[in-house]
Amino acid sequence: MALVLNEEQLMLKESAAGFLAEKASVAQLRALRDSGSERGFSDDVWREMVEMGWSGIAIPEAFGGLGYGYTGLGLLLEQAGRNLSASPLQSTVLVAASLIGELGSVQQKEQLLSAISSGDKLLSLALQESAHHAPLRTALSAKAQGDDYVLDGEKILVLDAAAADTFIVIARTAGEPGDEQGLSAFLVDAGTDGLRIEARSMVDSRSAGALCLENVRVPAGNLLGEAGAAWQGLTRALDIANIGLAAELLGLSTEAFERTNAYLKERRQFGRVIGSFQGLQHRAAQMFAELELARSIVLQALHAVDNGEPELALQASAAKAKLCEVAQRVTNEAIQMHGGIGMTDEHEIGFFIKRARMAQHLFGDYNYHLDRFAQLNGF
Amino acid sequence: MSDLEQFRQDTRAWLEENCPESMRVPVRGFEDLYSGGRNPEIAHPDQKLWCDRMAERGWTVPHWPKAYGGGGLSNEEVKVLSQEMSRIGARRALESFGISMLGPALLQFGSEEQKLDHLPKIVRGEIRWCQGYSEPNAGSDLASLATKAEDKGDHYVINGQKIWTSYADKADWIFCLVRTDNSGSKHEGISFVLFDMDQPGVTVRPIKLISGNSPFCETFFDNAIADKKNLVGEAGNGWTIAKYLLTHEREMISGFGAAPKQSVGQLALETVGSDASGRLANSALRQNIAQYQLDTMVFGATMARVGDEAKAGQGLGAASSIFKYYGTELNKRRNELNLAVRGEQALGWEGEVYHGGNLSRDWLRSKGNSIEGGTSEVQLNIIAKRVLGLPDA
């Protein structure tokens with residue numbers, strides 16, 4: 001597959017850009033934040049996204065999706081990044097659907113992927129337990145009791161926690177933190193006895209929360225895949241998730257850069273526009289070059305998912321590490337080049353640096369993925 | 001069997017028969033590259049034989065039209081030829097500025113007579129070319145060049161000086177930017193002429209670099225003569241050709257940024273060692289190498305993407321400037337890491353134990369990558385102004 005967008009993809013990109021700029025812009029994110037929205041996104045806008053087929057964009061047609069693949073979903077996430085659009089695209093469409101696709105039985109896929117495609121169900125992965133992404137360190141325990149499992153432990157940074165109907169909880173049915181064997185994935189409905197959902201206020205104004213599980217009893221049928229054998233599928237789903245987040249960071253960084261470049265042509269000091277100063281011009285040119293390079297690795301990684309390439313881990317860590325690096329540089333420069341106005345809450349540029357750091361952190365930041373990239377390269 | 005498969009089999013058989021064993025061993029360095037010319041530098045007697053055999057089929061420049069001595073091969077056939085050569089480790093038979101620089105310019109801007117006159121000699125490696133661009137006072141600001149060409153009816157008389165002329169001391173002819181008119185702006189009045197270096201009015205003096213080598217020269221013109229039939233394009237339109245070739249040159253130089261065969265990380269495992277978990281023993285070095293390899297991978301993806309976009313008729317603005325800037329910076333990083341990874345071995349200057357100081361000399365030579373063909377700073381200016389639309393000071 002050539003590293004270019006085809007006609008269908010270009011049209012999708014155009015229509016997504018238009019829709020999100022009108023319905024899910026930075027101004028809408030600010031309004032959601034200021035209104036204290038618990039769900040963190042607009043249900044009306046999400047409903048429209050579902051009607052356009054976005055909820056099932058990467059889901060195969062057999063399970064009610066559009067079958068556009070991850071390159072298609074990546075285009076949506078890139079545009080969502082440009083507009084900082086709040087929606088369950090990340091929690092449900094990118095992460096949960098990928099994990100179900102990796103681990104679920106045919107029956108589970110039919111049921112859950114169809115429910116995601118139709119917009120009937122929101123699902124979210126509950127994985128992280130400490131301040132850093134460390135999936136192998138998972139300690140939340142699940143003990144078999146008769147035909148049930150009983151889950152005990154805590155999860156944090158669960159996306160769209162307030163809105164999710166069902167959580168996919170990663171738990172340990174065997175082994176010790178650090179072991180690949182013994183990790184399992186359980187479907188836990190939001191209303192289950194013993195599950196407490198705690199909303200947390202995060203820097204990006206998006207809805208995330210913590211889960212507290214005390215004696216949560218679920219039937220063995222709620223296992224996604226085999227007991228104790230979730231690691232491989234989880235790893236692949238996390239690779240896909242990181243590639244999707246890289247696409248979001250690409251859109252976010254491109255937009256932050258373009259806004260900054262426009263400001264350089266508008267702001268006057270010393271009797272001329274500040275964009276005429278070479279000290280700023282070269283930094284802008286370097287960022288532009290970095291963004292062009294970043295675009296290539298994101299596209300290559302999305303294609304790797306759609307082509308079912310075996311070296312997905314390398315592509316995922318390369319894309320995520322690079323986009324973390326570029327997003328950090330561009331958002332920091334965006335604030336600096338906007339000067340005092342960039343420090344105010346009134347100006348929108350601050351929303352970009354806040355969401356950037358959250359998307360960077362999710363499922364492993366720059367340091368995590370650069371280290372993994374070196375390991376995968378054998379050194 | 002498809003035509004292409006037939007071509008592959010024929011090519012394989014021909015290469016097996018005609019490529020000398022000595023030309024199937026990897027090149028050790030620049031000294032093993034064959035560039036032809038009236039007085040060719042020969043590291044091995046088979047070099048000329050190999051070049052002559054390949055040139056007879058036009059395969060030294062397989063993609064040029066047969067009418068000009070080239071192989072007349074399609075893109076697919078060129079790829080097959082290159083794959084079959086790689087298969088047996090065959091060296092490129094001929095590498096020259098004639099092939100990489102002048103040829104493309106003549107194909108684009110030259111007259112039919114000029115193409116017929118010069119291209120076949122490039123294919124056969126008979127004439128070696130050099131490029132006369134920079135002057136002592138026209139480096140980054142190339143358009144301010146002052147070497148003067150006076151119109152004498154059927155020829156030009158040329159006076160002035162060029163500098164950084166690559167391999168001028170080994171070249172037979174020069175393609176040269178000269179000023180034929182002073183009346184307009186500095187970009188006007190520049191002309192692109194070709195002339196023989198073997199004449200009394202031309203003097204060449206090699207420049208010794210920090211690497212100890214002398215790939216560049218100063219070239220002096222004192223009433224040198226250029227026949228008017230060797231003016232390429234129209235008089236005063238040379239800047240267009242110069243820009244075309246600079247773009248071409250940038251893409252060539254940025255190719256230095258491609259990933260090396262053995263990864264730096266693998267090499268470091270051998271020289272620095274690993275800890276119990278298999279990680280490189282020095283974590284600071286490990287991070288530096290990981291960052292470099294990541295950027296190399298991303299650069300490779302970008303080369304592929306821009307190639308695909310060009311085929312699809314889409315284009316990245318100022319792509320050559322991005323490539324030149326990024327590729328040369330990457331190559332400098334690779335050389336610095338080479339020094340870090342090999343330690344004392346990379347600091348030797350002469351002698352067998354240091355392979356003649358190859359590593360230290362390559363490292364020093366790489367510093368010029370971000371200067372020649374337009375400095376990194378000039379590339380950033382081009383991106384800022386032409387792509388980002390930022391105004392002049």
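Reader: How far apart do the C-alpha centres of domain 1 and domain 2 of chain A lie?
Author: The C-alpha centres of those two domains of chain A are 23 Å apart. Bear in mind that this is a predicted model.

Reader: Where are the domains in chain A?
Author: Domain 1 of chain A covers 7–120, domain 2 covers 124–224, and domain 3 covers 231–376.

Reader: How many residues are in contact between domain 1 and domain 2 of chain A?
Author: Domain 1 of chain A puts in 18 residues, and domain 2 of chain A puts in 14 residues.

Reader: Which helix gives the most on the domain 1 side?
Author: That is α5(A), with eight residues on the side of domain 1 that touches domain 2 of chain A. Both α2 (26–34) and α5 (89–103) of chain A supply at least two residues there.

Reader: And what kinds of residues are on that side of domain 1?
Author: On the side of domain 1 that touches domain 2 of chain A, nine are nonpolar, six polar and three charged.

Reader: New topic. How many residues does each chain bring to the contact between chain A and chain B?
Author: Chain A brings 33 residues and chain B brings 38 residues.

Reader: Which helices of chain A supply at least two residues each to that side?
Author: Four are listed for chain A: α7 (231–264), α8 (278–306), α9 (312–338) and α11 (366–376). The most comes from α8(A), with 14 residues on the side that touches chain B.

Reader: How many of the chain A residues there are nonpolar, polar or charged?
Author: The side of chain A that touches chain B has 19 nonpolar residues, 11 polar ones and three charged ones.

How values were computed. Residues are numbered from 1 along each chain as its sequence is written. Chains are lettered from A and ligands numbered from 1 in the order in which they are written. This is a predicted model: local features need pLDDT of at least 70, side-chain atom pairs count only at pLDDT 80 or more; totals for chains, interfaces and linings use all residues. Two residues are in contact if their C-beta atoms, placed from the backbone, lie within 7 Å. Ala, Val, Leu, Ile, Met, Phe, Trp, Tyr, Cys and Pro count as nonpolar, Asp, Glu, Lys and Arg as charged, and the others, Gly among them, as polar. Domain bounds come from an automatic or database domain assignment.
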